[in-house]
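Subject: Structure for you to look at

Hi,

Here is the structure I said I would pass on. Please open it alongside this email and have a look while you read.

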Amino acid sequence: MVLKVLGSSSSGNCYILESDTEALIIEAGLPFMEVKKALNFNVRKIVGVICTHRHNDHIKHLKDFVTSGIRSIAPNDYWMEHITEWWFQYGERYDETRKCIDIGNFKVMPFLVVHDVPCYGFYIVHQDIGSLVYATDTEYIKYRFKNINHILVEANYSDDLIDNEAVNREHVLRGHMSLQTALDFISTNDNPSLRNVVLLHLSDKNGNPVEFLQKTKETVKYGADCYIAEKGLEVDLNLCPF
Ligand SMILES: [Zn+2]
């Protein structure tokens, strides 16, 4: 199983968890065509697409997936605005009452995070990769994940780099995670089984990738590999390399 990063910024988020036989899409912030290309047009392996919240950089292109017959799963409040024929055909909703969604061989458990609209993180389990937590567009994460194997977490800005005069300061701080909060989360969940840590959704202006990566490497104590999510990044998630 490989993680493919197609986009990880406010101009569009989209990730693929891809094995030889299955692909789970996380976020629909980029056109379906981009996903098709990343899968060498083997769209039949797509088991579903799951979105965290209704902001455009995460969900703008979901309709393309829906109309292509892909199982499309999004928070309840998004669908409430899109009750049309295509919703009834393929749309699937979830909220905090839905504990586990089986998508192909993936088990996806949504959990509520802290954003300015209803937004969810995902705890994902699959036999090839063990367990993975994905969380973005949140000020912090209140849960702890035992023996987690992979962490994909937002590190949007660093307090040092935030321009106090900037008009968007409030917007940046509200509903997004600072590097320090991300490092605290990683440290709390660090364990000998942790294989990969991927920082998501860095702000162009308020995040320094070199510094962010260095501090993450200093935070993990058991040798997990650390990455910054950029378009084109691929990360091997298999627990067993053979
Ligand atoms: Zn958002």
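Below are some notes on one strand and its partners, and then on one helix.

One thing to keep in mind is that this is a predicted model.

Let's start with strand β1, residues 2-9. Eight of its eight residues are buried, that is, under 20% relative accessible area, so the rest of the structure largely encloses this strand. As for its partners, β1 pairs with strand β2 (residues 12-18) in the antiparallel sense, over seven bridges. These two strands form a hairpin, with two residues between them. β1 also pairs in the antiparallel sense with strand β14 (residues 234-236), here over three bridges. V2 is a handy residue for finding your way around: it stands opposite E18 in β2, and it also stands opposite D236 in β14.

Now on to helix α8, which covers residues 209-219. Which of its residues are buried? They are E211, F212, T216 and T219. Looking down the axis of α8, you will find these buried residues within an arc of 130 degrees, so they line one face of the helix. Among the elements that cover them are α7 (179-189), β12 (196-200) and β13 (225-228).

The start of α8 deserves a look as well. There, N208 has a side-chain oxygen that reaches to within 3.0 Å of the backbone nitrogen of V210.

Best wishes

Methods:
Residues numbered from 1 in each chain as written. Predicted model: local features only at pLDDT ≥ 70, side-chain atom pairs only at ≥ 80, totals over all residues. Heavy atoms only, no water. Buried < 20%, exposed > 50% of the residue type's maximum accessible area, 1.4 Å probe, protein only. Helix = DSSP H or I, 4+ residues; strand = E, 2+ residues; numbered from the N terminus. Pairing = 2+ DSSP bridges. Arc of directions from axis to C-beta. Contact = heavy atoms within 4.5 Å. Polar contact = N/O pair within 3.5 Å; in protein donor to acceptor, adjacent residues only side chain to side chain.
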